Amino acid sequence: MVNILVPTDFSQASFRLAEQAVKSLNKEVNIILFHIYEMPSGISDLIRPEPPYAQMINDTFRQNCKYLKYKYPDLINKICFKYLTGNTQSLFNHFTDANDIGVIVCPEDYVFVKASKTSLDPIPFFKKSKIALLKDFSKNKVAEPVKATEEMQLDTAQVALASA
């Protein structure tokens, strides 16, 4: 089972993106709908009564999650929403490590839509990460980052040397 990170702006389009990813991968997955926010810049941001996503996670959002899980019961193990507050690549990398992300859904034609005034575009973080990107649903291709492939080859060579 693989954990896939799907960017969400809390719209129907996000769920279509998740559905395309599930059909394209055609294996059991955990879907993590993801949104990233700027760090709070002032004291008033820190003491706000509710998080920026509170208005976005409504009954329609929950029903879309349930419907997707109902439609693909053999392929979707779990659907959840997670967010990140911050704007550094290091923070994003720690987030993906902590959540054991195996694939990031990032189609070539993806257009970021701000869900709130503090929303950040996740694409630059996705492209700089060492995690495989699902870019093209028509070819069912997951693009492995170059660095990850080089590390994998190095690990194989180290195993071969260690066993010799």
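**Entry 1: Asn3**

I looked up the side chain of Asn3 and found that it reaches the backbone oxygen of Asn99 at 3.0 Å. I count a polar contact as a pair of N or O atoms within 3.5 Å; within protein, one must be able to donate a hydrogen and the other to accept it, and residues adjacent in sequence count only if both atoms are side-chain atoms. The model is predicted, so I noted that local features need pLDDT of at least 70 and side-chain atom pairs pLDDT 80 or more, while totals for chains, interfaces and linings use all residues. Residues are numbered from 1 along each chain as its sequence is written, and side-chain values use heavy atoms, with hydrogens and water left out.

Asn3 is in strand β1. Helices (H or I, at least four residues) and strands (E, at least two) are DSSP runs, numbered from the N terminus. Asn3 has a relative accessible area of 14% and is therefore buried. Buried means under 20% relative accessible area, exposed over 50%, and partly exposed in between, with a 1.4 Å probe and protein chains only. Leaving out residues up to four places away in sequence, I listed what Asn3 touches: Asn30, Ile32, Asn99, Asp100, Ile101, Gly102 and Val103. Contact here means heavy atoms within 4.5 Å.

**Entry 2: the whole protein**

I listed six helices and seven strands. From the N terminus on, I read the order of elements as β-α-β-α-α-β-α-β-β-α-β-β-α. The protein has 164 residues, of which 41% count as buried. Among contacts with a separation of 6 or more, 76% are between residues 24 or more positions apart.

**Entry 3: helix α4**

Which residues of α4 are buried? I found Gln89, Phe92, Phe95 and Thr96, in a helix that spans residues 89-98. They lie on the same side of α4 because they cover an arc of only 120° around the axis. That arc is taken from the directions from the helix axis to the C-beta atoms. As a general point, an α-helix has 3.6 residues a turn, so residues three or four places apart point the same way.

On the face turned away from the buried side I found the exposed residues His94, Asp97 and Ala98. The cover over the buried residues of α4 includes β1 (2-7), β2 (29-37), β3 (76-85), β4 (101-105) and α5 (123-128). After α4 comes Asp100, with a positive phi near 50°.

Lys127 is in helix α5. Its relative accessibility is 56%, so I put Lys127 down as exposed. Its C-alpha atom is 9.4 Å from that of Ile104, 23 residues apart along the chain.

Is Ile131 buried or exposed? Ile131 is buried, at 11% relative accessible area. Ile131 sits in the loop between α5 and β6 (132-136). From Ile131 to Gly102, I noted 6.4 Å between C-alpha atoms and 29 residues in sequence.

**Entry 4: the cavity**

I searched the whole structure and found one cavity of 30 Å³ or more. On a 1 Å grid over the protein atoms alone, a cavity is a set of points where a 1.4 Å probe fits but cannot get out; lining residues have an atom within 4 Å of a point. The largest cavity holds about 50 Å³ of space, a volume being the space filled by probe spheres set on the points.

Its lining residues include Phe34, His35, Ile36, Tyr110 and Leu120. With three residues, β2 gives the most to this lining.

Note on methods: On a 1 Å grid over the protein atoms alone, a cavity is a set of points where a 1.4 Å probe fits but cannot get out, and a pocket is an open set with protein on both sides within 12 Å along at least five of seven lines; lining residues have an atom within 4 Å of a point.
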